[in-house]
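Okay, everyone, thanks for coming.

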Amino acid sequence: MSHIGFDFSGRRVLVTGATSGIGLAVATGFAAAGAQVTAVGLRAAELTPPVGVRFVEADVTDGAAIAGLVAGLDRLDAAVCCAGIIRRDDEHDPDVFASVLDVNLTGTMRTLSSCRELLRSSRGSAVATASMLSYVGGPRVPAYAASKGGTVALVRSLALAWAPEVRVNGIAPGWIATPLTAALRAPGGSSQAILARTPMARWGEPEDVVGPTLFLCSGAARFITGEVLRVDGGYLAA
């Protein structure tokens, strides 16, 4: 998918959670805009990367692996954290709760902390993936909702701590058709209720999140930091 108006030629970008869903779409979008992309995720060795994308297999819960991966980069202009998991209903178990936060929230902090010095050198930017569940409760997913609420607070905190050299922003996707929402879109799921509340009257596609992410990492957003941009088809406005 081409994103007219964004030119990342010569830029180096790292995207986590980049082997499926929103992360893969974001990595592909940056590459289409001219960037050289390091796409981090699980099962990366099983996939054929798009042009301009280098897949690297790593787990964001492994701090040494993430730090080592970033240490191997000679430049970084943008880091986008998309790695995330959800465990509907099981998240009421404190151990499952902790494992979800370890990926979604602490994994984001691990990644961004490892990237900080390279981003400072390039005066680059970071984007973390929040959610509409950053703002509303999730009775079946208390860990996911807590991790995404924490992501909003993390974005604001790092934006203050890292300014003016590094801009830190977030995106908050709504109901996006990815593997994480497959169960909801299946027969007997919640799709009808979701669409009834969504003014745009459709599920979002991973590509719908790409343009906003590229914008936040571009010069067009050079005076924006600490912002979390909702990409939810108007769901939270309803």
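This is a predicted model: local features need pLDDT of at least 70, side-chain atom pairs count only at pLDDT 80 or more; totals for chains, interfaces and linings use all residues.

I'll start with a strand, go on to some charged pairs, and finish with a pocket.

Is β4 covered on one face or on both? On both: Ala-78 and Val-80 are buried on one side, and Ala-79 and Cys-81 are buried on the other. By buried I mean under 20% relative accessible area.

Now, what does β4 pair with? There's β1, which runs parallel to β4 with 4 bridges between them. If you want to find that pairing on screen, look for Leu-14, which stands opposite Ala-79 of β4. Then there's β5, and β4 pairs with that strand in the parallel sense too, over 4 bridges. Here the residues to look for are Val-80 and its bridge partner in β5, Val-127. To get from β4 to β5 the chain goes through α3, and that β-α-β crossover is right-handed.

Okay, on to the charged pairs. As a reminder, side chains of opposite charge can pair when their charged atoms come close. How many salt bridges does a search of the whole structure find? It finds 6, and I'll show you a few.

Take Arg-12 and Asp-74, whose side chains meet with N to O at 2.9 Å. Arg-12 sits in strand β1, while Asp-74 is in the loop between α2 and β4, so this pair links parts of the chain that are 62 residues apart. Arg-12 is partly exposed, at 26% relative accessible area, whereas Asp-74 is exposed, at 63%.

Another salt bridge joins Asp-77 and Arg-75, at 2.6 Å from N to O. Asp-77 has a relative accessible area of 6%, so it counts as buried.

Last stop: the second largest pocket. Its volume is about 300 Å³. Which residues lie nearest its centre? Those are Arg-123, Gly-124, Arg-167, Ser-218 and Arg-222, out of 19 lining residues. The lining splits into 6 nonpolar, 6 polar and 7 charged residues.

That's it from me, thanks!

Key. Residues are numbered from 1 along each chain as its sequence is written. Side-chain values use heavy atoms; hydrogens and water are left out. A salt bridge is a side-chain nitrogen of Lys or Arg within 4 Å of a carboxyl oxygen of Asp or Glu. Helices (H or I, at least four residues) and strands (E, at least two) are DSSP runs, numbered from the N terminus. Buried means under 20% relative accessible area, exposed over 50%, partly exposed in between (1.4 Å probe, protein chains only). On a 1 Å grid over the protein atoms alone, a cavity is a set of points where a 1.4 Å probe fits but cannot get out, and a pocket is an open set with protein on both sides within 12 Å along at least five of seven lines; lining residues have an atom within 4 Å of a point. Grid points are joined across faces, edges and corners, and a volume is the space filled by probe spheres set on the points. Ala, Val, Leu, Ile, Met, Phe, Trp, Tyr, Cys and Pro count as nonpolar, Asp, Glu, Lys and Arg as charged, and the others, Gly among them, as polar. Two strands pair if DSSP finds at least two bridges between them. A crossover is right-handed if, with the strands pointing away from the viewer, the path from the first strand over the helix to the second runs clockwise.
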